[in-house]
Amino acid sequence: MIKLPTLMKKASVALVAAVAFTAGGISTAIAADLDYYLPSNVSYDESIPKPAEILGFEVGEWHARPEQIARYMEVLAQRSDRITLEITGRSHEYRPMMMLKISAPENQSRLEEMRQQHMAVTDPSQNVNAKEAPLVIYLGYSVHGDEPSGSNAALLTAYYLAAAQGPEIDAWLDNTVILLDPMYNPDGLARFATWVNQYKSMTPGSDRQHREHQQDWLRGRQNHYWFDLNRDWLLLQHPESEARIAAYQRWMPNVLTDHHEMGTDATYFFQPGIPSRKNPLTPDENVRLTERLAEFHGRALDKVHSIYYTEESFDDFYYGKGSSYPDAQGTIAILFEQASSRGHLQESINGDVSFPFTIKNQFITSLSTIEGSVAEREWLLDFQQRFFKENMELAGRENFDGYMLREADQGRMHELLRILRAHSIDAYPVTESFTVNNVTYRPGEAYYVPIRQRNYRLLKGAFTTRQDFPDNTFYDVSAWTLPMAFNVEFAEVRQNRRFRVASEAWQAPADFEANQLAQTDVGYIFGWEAHFAPRLLNRLLQEGIHARLAADEMSVTTPNGEQKLANGAVIVTRAYQDHAWEDVQATLAQLADENEVRVHTIASGMTPSTGMDIGSRSINPATEPKVMIVIGDGVNLQESGEAWYYFDRHLNIPVTMIETQRLDRADISRYSHIVLVDGHYRTLSDRFKASLQQWVRSGGTLIGQKGGARWMSENSLLSTTVVPADEFRAKFPTEGLRYGDRDQYFGQQRIAGAIFNSTLDLSHPLAVGYTRDTLPIFKNSTIAFENSSSPFVDVATYTEQPVLAGYTSEGNREVLSERTTVLAHRMGSGRVIGFADNVNFRGYFWGTTRLMANAIFFSQYALGTAGDEAEEEEEEDEDAHSH
């Protein structure tokens, strides 16, 4: 007789360890059959396949991979007459984004009719009977890939909704459409499932130090490019978000769930969150409805003896998260946070937490959401209808009629308009020039966004410049103003100054008018102002086309007369080409059209006015950049991803990413540019530091951002001093503080995320392409540089009154006022560049990304010197003048 091993100690979860005989011995794997999860008082349609019949294992026994979840959903849609499956998009790694439309069988043929009936409730111009309209519930899971209990619970929820029998489920599905989105982030989910499954043992262990529970630097939380997709609901920089928001806007649900996980030592959280930390634009009635639905969650969890909490830890301020974006649009969004097993079984202060237990709680609250929503359907539908009608009333009380947008660069402007359109916010092209407050708005570069429209609250939230709030402690950012992010000028206007706009709202950019390249003996030229001009240059270099850079402004003769170009023009000369000129012309025309960059034909090599000729020795050949990003331990994962995303998607530069632990073995001479994003870099060896310094002196360009720039400063690579922490602390006295003042005290010292104004030196090579000398910069740290004592080094400084939007305490404002945020100087034959802030923040701050492009393509023109280099230059000048 084989003696069975002793089962694990009883966990804090009601779970049986399944014992099975295998070829290699006996397994006590963590598993639970459907009886563990499902309500016992419900019968189920036996023709509907159970998850294990498709997966090959019980839910929670292994971490289901995205393709397994997708396959089960496909089978359910084939077998159940309650489900229609829609593929709404594809992730970066081309996994399907899917949505199950679940309703009574007789409703499946009229889903579009039901959708239109529901959408009429959200139309403030209609007066339909809201209480008779279909109710719409959106269940969404695991936007963070390493919080997988949600997506695994989606398997159970989908099965239950397909197979459960009885009057309750019939009532739920009668005049209701349930939209089930099983995987908000399939790429991250795949990464994490692979991680934990590869360390799964036959015999479960809960030691939190076990490799299974300790992910590497690259975790499963983020998507393919290492972005946090739960910050992208408003920003829409990723296909996963675009697919989800398109579905959301098409259906405008009454309730939306957002299932997450938190630290293993916690319990279970559901909203409402911290009462003082909701967005002021969100109505109080939203909170009351959330509280009402919370009663259903509480009762359901009480029945299975799971403990939970509300009104702590989480806020609803930033309108770019899953639990707050819907709040701005008449939906009750509910955040659920389950203490994570971060694997299959993990110890906690409350006992062992198993994966099936985490799944069960998420499944239970999925059902309680439906139960509560159906019970309160009349209130939810009535609230939604009143919400949009009130939007029109609130907009009518504003002291302005709309926002006027102005920007000549169509790349940035069209991306902003695309985002607004995706959120059902209308913008109208200006059709004739007019001037207001000494600002002229012209067709082609100006758009009007009326404030009085259906999505008023979301529009107001997206454009807000508010700087003070009832509670100045933030879980996330306090500002995200969309026009500022794209460096698009915007102003509140009244229509008493009449102006003409198109009758139809902007839908999508018109086809770019193709470049007509005339024959020339000299070459072609294009400016650097267009957002994708750097990508055009890089693509030309990749094709082996010779191009030259003019760091100073110049004029050229074209077949249409004189054309003036600002600093940063790119010239494709007929001289020095290795390819047939006809091929160069065709490639240039094609790539310029693809990147929407206007190209001019040069008729003469001589300038028509004072300035450089085409052959000037001040116009140097451009070289194809070879960029390396340092990643790994000690480096900010998301900022690394944001930099990678920008180089890859916006510049088409194939970057090399090398972990900190491999740097001593890396041949860095292969690269022209090395980027250090935010991080502490304490593990870098003296050997590598010496190698890096020699690499710079030999001609490399080193770019540091935030903590990366601080490390460069501390290691004699960047000649600057970071503003010391003591200068900030001195602004926050501690005398007389009580313990209850602790949160406020530390909250005042922190910059959670605000938008600062900066002044650019437009004559500096790193400012080429900018047309205004002020630039909004996103700031979420107190890092700043002391102003350089050497001339020609500082590129950008914060303005005297630096805050444009968001909360920053008076003490931090005083310290940061007029401090340096961007600087660059020579070091030997190379260059070093420091950014105090993240110029690629969340992928949507297109206005500052140009600084990174300039650091790549124009750094060789930065001739300022600082520190020892400046002293050596002065000595050289003195020697030269003494002869």
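Two rings of Phe, Tyr or Trp (its six-membered ring) form an aromatic pair if their centres lie within 6.5 Å; a pair is stacked when the planes are under 30 degrees apart, edge-to-face when they are over 60, and tilted for the rest. By this rule the count comes to 44 aromatic pairs. The structure is a predicted model, in which local features need pLDDT of at least 70 and side-chain atom pairs count only at pLDDT 80 or more, while totals for chains, interfaces and linings use all residues. Residues are numbered from 1 along each chain as its sequence is written, and side-chain values use heavy atoms, with hydrogens and water left out.

**An aromatic link**

The ring centres of Tyr225 and Trp644 are 4.7 Å apart and the planes meet at 55°, so this pair is tilted. Helices (H or I, at least four residues) and strands (E, at least two) are DSSP runs numbered from the N terminus. Tyr225 sits in the loop between helix 7 (186-198) and helix 8 (239-251), and Trp644 in helix 17 (residues 637-650); the pair links distant parts of the chain, 419 residues apart. Both Tyr225 and Trp644 are buried, where buried means under 20% relative accessible area, exposed over 50%, and partly exposed in between (1.4 Å probe, protein chains only). Ring pairs also join Tyr225 and Trp644 into a cluster with Trp217, Trp226, Phe227 and Tyr645.

**Nonpolar cores**

A nonpolar core is a set of buried Ala, Val, Leu, Ile, Met, Phe, Trp, Tyr and Cys residues joined through side-chain atoms within 4.5 Å. The largest one has 136 residues, and Met73, Tyr160, Leu161, Leu180 and Tyr844 have the most contacts inside it. Helix 5 (residues 149-163) gives the most to this core, with 10 residues. Apart from it lies another core, of 107 residues, which includes Ala551, Tyr681, Val768 and Leu775.

Contact means heavy atoms within 4.5 Å. Not counting residues up to four places away in sequence, Leu180 touches Met73, Met98, Met99, Leu100, Ile102, Leu139, Tyr141, Ala154, Thr157, Ala158 and Leu161.

Helix 5 also holds Asn152, which is buried, with a relative accessible area of 1%. Leaving aside neighbours within four places in sequence, Asn152 is in contact with Val59, Trp62, His63, Ala64, Phe355 and Ile359.

**Helix 15 and strand 20**

Helix 15 (residues 533-542) is mostly covered, with 8 of its 10 residues buried. These are Ala533, Pro534, Arg535, Leu536, Leu537, Asn538, Leu540 and Leu541. They pack against strand 20, strand 21 (548-550), strand 24 (569-573), helix 16 (581-594), helix 17 and helix 23 (846-857). After helix 15 comes Gly544, with a positive phi near 75°.

Phe526 lies in strand 20 (residues 523-526) and is buried, with a relative accessible area of 1%. Its contacts, not counting residues up to four places away in sequence, include Ala533, Leu536, Leu537 and Leu540, and also Leu565, Ala569, Val570, Val597, Arg598 and Val599.

**The second largest pocket**

On a 1 Å grid over the protein atoms alone, a cavity is a set of points where a 1.4 Å probe fits but cannot get out; a pocket is an open set with protein on both sides within 12 Å along at least five of seven lines, and lining residues have an atom within 4 Å of a point. Grid points are joined across faces, edges and corners, and a volume is the space filled by probe spheres set on the points.

The second largest pocket has a volume of about 590 Å³. Its lining has 26 residues, of which Pro39, Asn41, Glu168, Lys303 and Leu367 lie nearest the centre. Helix 1 (34-37), helix 6 (167-174), helix 9 (284-303) and helix 10 (355-375) are the elements that give two or more residues to this lining. Helix 10 gives the most, with 6 residues.

**Backbone exceptions**

Most residues other than glycine have a negative phi, and most peptide bonds are trans. Gln271 and Pro272 are joined by a cis peptide bond, with omega about 25°. Pro272 lies in the loop between strand 10 (268-270) and helix 9. Two residues other than glycine with positive phi are tabulated below.
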